[in-house]
Amino acid sequence: MDSLRMLAFTGVPEKVRGVTWKVLLGYFELSNPNSWPTIQVNNLELYRSFKKEVMREWESADEAARRPSRLEGQGWWEFNEDKHKKKKPQHIAINESLHEKQKKKADECVQKCDTDTSTPSDLVWQVADDDPLSSVNAKLVETTEDRDLREEIWKDAQRTHPGLHFFTEKTCQVLERILFIYAKLNPGVRYVQGMNEILAPISFVLDCRKDEQSEADTFFCFCNLMAEIRDMYIKGLDSSNDGLRGRIDALMLLVKKHDPVLFQHLEMLNINPQFYALRWLTTLLSREFELPDTVRIWDSLLADPSRFDFLLYVACAMLRAQREFLLANDFAECLKMLQTYPTSDVAMLLSYAFQMHDLDQKQKKNKIPLFASKLKLEVSTFLSRMM
């Protein structure tokens with residue numbers, strides 16, 4: 001496994017990237033390739049059961065056709081509510097009918113009082129136990145919540161890399177299903193904006209639209225990845241070491257250590273790192289670069305043995321790569337640049353992140369830097385640009 005991580009750290013060839021990511025994300029066991037087909041078959045059946053259970057109330061084909069489609073030239077924000085007015089809800093009439101049934105049931109119970117030895121409280125419980133309103137009303141509430149959840153997910157799915165041919169309407173529907181099922185199976189986390197950006201690179205590399213097996217593989221790889229970073233999506237864990245604030249604090253400590261002048265300048269400008277680093281970390285940089293560059297960065301992030309510590313080094317390299325601009329500009333210009341990070345040479349950013357990582361490892365363990373020595377990375381060109 002260490003050898004695979006080392007090779008993946010330098011970038012994975014496209015032909016084997018899919019299976020490599022499955023191993024790095026814990027979906028496949030590297031030591032037992034013969035088990036991979038069985039794992040896929042079992043997980044496909046499990047995914048089908050999830051879809052059957054979670055998507056029982058999935059909307060009809062007519063309702064699906066009403067949803068805005070960017071393929072028709074519409075963004076979700078252009079959806080014309082007047083053109084697609086909803087029909088009057090039918091559940092009101094259903095409830096009235098249920099009230100009549102309940103009343104009839106109660107009358108029958110009252111008529112039994114003359115011959116039945118049951119106490120009044122017994123009769124109340126008989127009615128309550130057979131009350132159809134409680135289950136139906138709960139179902140209506142759940143259906144409304146699910147509809148709102150799906151609408152939120154669908155909007156974000158359509159925003160996912162709209163300029164890439166891969167993310168067609170069919171792909172967006174796959175993203176929607178995966179995110180919806182994940183949210184229903186993980187009520188403690190549910191869905192948070194940005195999860196679609198986490199799912200996008202996995203769905204692209206594994207080609208989730210290919211068939212149902214690929215969709216199932218994508219779902220479980222996404223779940224495994226979210227299990228490692230979910231603390232950043234739970235507000236109550238913000239202050240923990242693995243929470244969002246803890247990770248941002250760790251990033252700024254790296255900047256302070258490797259570039260104290262830049263750190264002091266950012267402090268002087270009073271630029272809160274949450275204004276830019278929050279998105280960097282929660283999406284694993286998938287919003288800051290073009291998808292092919294994001295995939296290359298993720299090769300290294302997924303190969304990191306101390307998972308996602310290397311993410312902080314990449315983020316630190318991003319700040320230091322723009323050192324000259326940051327030191328020369330004011331609050332507004334610096335923040336604008338950091339929130340819309342400019343096109344960069346990803347190979348050089350990674351090289352510089354590798355070097356900082358290895359220097360820290362050398363100081364901690366007092367041994368030859370691991371990655372720089374084995375990967376033979378050249379950083380002199382990049383460093384000359386930084387001076």
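pLDDT is the predictor's confidence in each residue, from 0 to 100. This score matters here, as the model is predicted.

**Figure 1. Confidence along the chain.** Across the chain, pLDDT averages 79, and 70% of the residues score at least 70. Over residues 112-140, the pLDDT is below 50. Beyond near neighbours in sequence, this stretch still has 21 contacts in the model. Residues 367-387 also stay under 50 in pLDDT. For residues 367-387, the model has 36 contacts beyond four places in sequence.

**Figure 2. Overview of the helical chain.** The chain holds 20 helices and 0 strands. It has 387 residues, and 45% of them count as buried. The accessible surface comes to about 21300 Å². Carbon and sulfur atoms account for 52% of that surface. Take the contacts between residues at least 6 apart in sequence: 72% of them join residues at least 24 apart.

**Figure 3. The aromatic pair F9 and F310.** The structure contains 17 aromatic pairs. One of them is F9 with F310, an edge-to-face pair. The ring centres lie 5.0 Å apart, with 65 degrees between the planes. The pair links distant parts of the chain. F9 sits in helix 1 (residues 2-9), and F310 in helix 15 (residues 309-321). F9 has 1% relative accessibility, so it counts as buried. F310 is buried too, with a relative accessible area of 0%.

**Figure 4. The aromatic pair Y47 and F219.** How do the rings of Y47 and F219 meet: stacked, edge-to-face or tilted? Their centres are 5.1 Å apart and their planes stand at 45 degrees, so the pair is tilted. This pair also links distant parts of the chain. Y47 belongs to helix 3 (residues 36-54) and F219 to helix 10 (residues 212-229), 172 residues apart. Y47 is at 0% relative accessibility and therefore counts as buried. F219 is buried, with a relative accessible area of 1%. Both rings are part of one aromatic cluster, made up of Y27, F28, W36, Y47, F50, F219 and F220.

**Figure 5. Q213 in helix 10.** Q213 lies in helix 10. Is Q213 buried or exposed? The cut-off for buried is under 20% relative accessible area. Q213 is at 19%, so it counts as buried. Its side chain reaches the backbone oxygen of Q40 at 3.3 Å. Leaving aside neighbours within four places in sequence, Q213 is in contact with Y27, Q40, V41 and L44. Y27 is also a member of the aromatic cluster.

**Figure 6. R320 in helix 15.** R320 is placed in helix 15. R320 has a relative accessibility of 12%, so it counts as buried. Which backbone atom does the R320 side chain reach? The R320 side chain reaches the backbone oxygen of H258, at 3.3 Å.

**Figure 7. K184 in helix 8.** K184 lies in helix 8 (residues 169-185). With a relative accessible area of 25%, K184 is partly exposed. The K184 side chain makes a polar contact with the side chain of D146, at 2.9 Å. K184 and L149 are 35 residues apart in sequence. In space, their C-alpha atoms are 9.5 Å apart.

**Figure 8. Helix 9, mostly covered.** Helix 9 runs over residues 195-206. At 1.5 Å a residue, its 12 residues should span 16 Å; the end C-alpha atoms are 17 Å apart, which agrees. How many of the 12 residues are buried? The count is 11, so by the under 20% cut-off the helix is mostly covered. The buried residues include M195, I198, L199, I202, V205 and L206. Just after helix 9, D207 takes a positive phi of about 50 degrees.

**Figure 9. The capped start of helix 18.** D345 caps the N-terminal end of helix 18. A side-chain oxygen of D345 lies 3.1 Å from the backbone nitrogen of A347. Helix 18 covers residues 346-365. At 1.5 Å a residue, its 20 residues should span 28 Å, and the end C-alpha atoms are 28 Å apart, which agrees.

Technical notes:
Residues are numbered from 1 along each chain as its sequence is written. This is a predicted model: local features need pLDDT of at least 70, side-chain atom pairs count only at pLDDT 80 or more; totals for chains, interfaces and linings use all residues. Side-chain values use heavy atoms; hydrogens and water are left out. Helices (H or I, at least four residues) and strands (E, at least two) are DSSP runs, numbered from the N terminus. Buried means under 20% relative accessible area, exposed over 50%, partly exposed in between (1.4 Å probe, protein chains only). Contact means heavy atoms within 4.5 Å. Accessible areas come from the Shrake-Rupley method with a 1.4 Å probe; for residues, only the protein chains shown count as cover. The expected span of a helix is 1.5 Å times one less than its number of residues. A polar contact is a pair of N or O atoms within 3.5 Å; within protein, one must be able to donate a hydrogen and the other to accept it, and residues adjacent in sequence count only if both atoms are side-chain atoms. Rings of Phe, Tyr and Trp (its six-membered ring) pair if their centres lie within 6.5 Å; planes under 30 degrees apart count as stacked, over 60 as edge-to-face and the rest as tilted.
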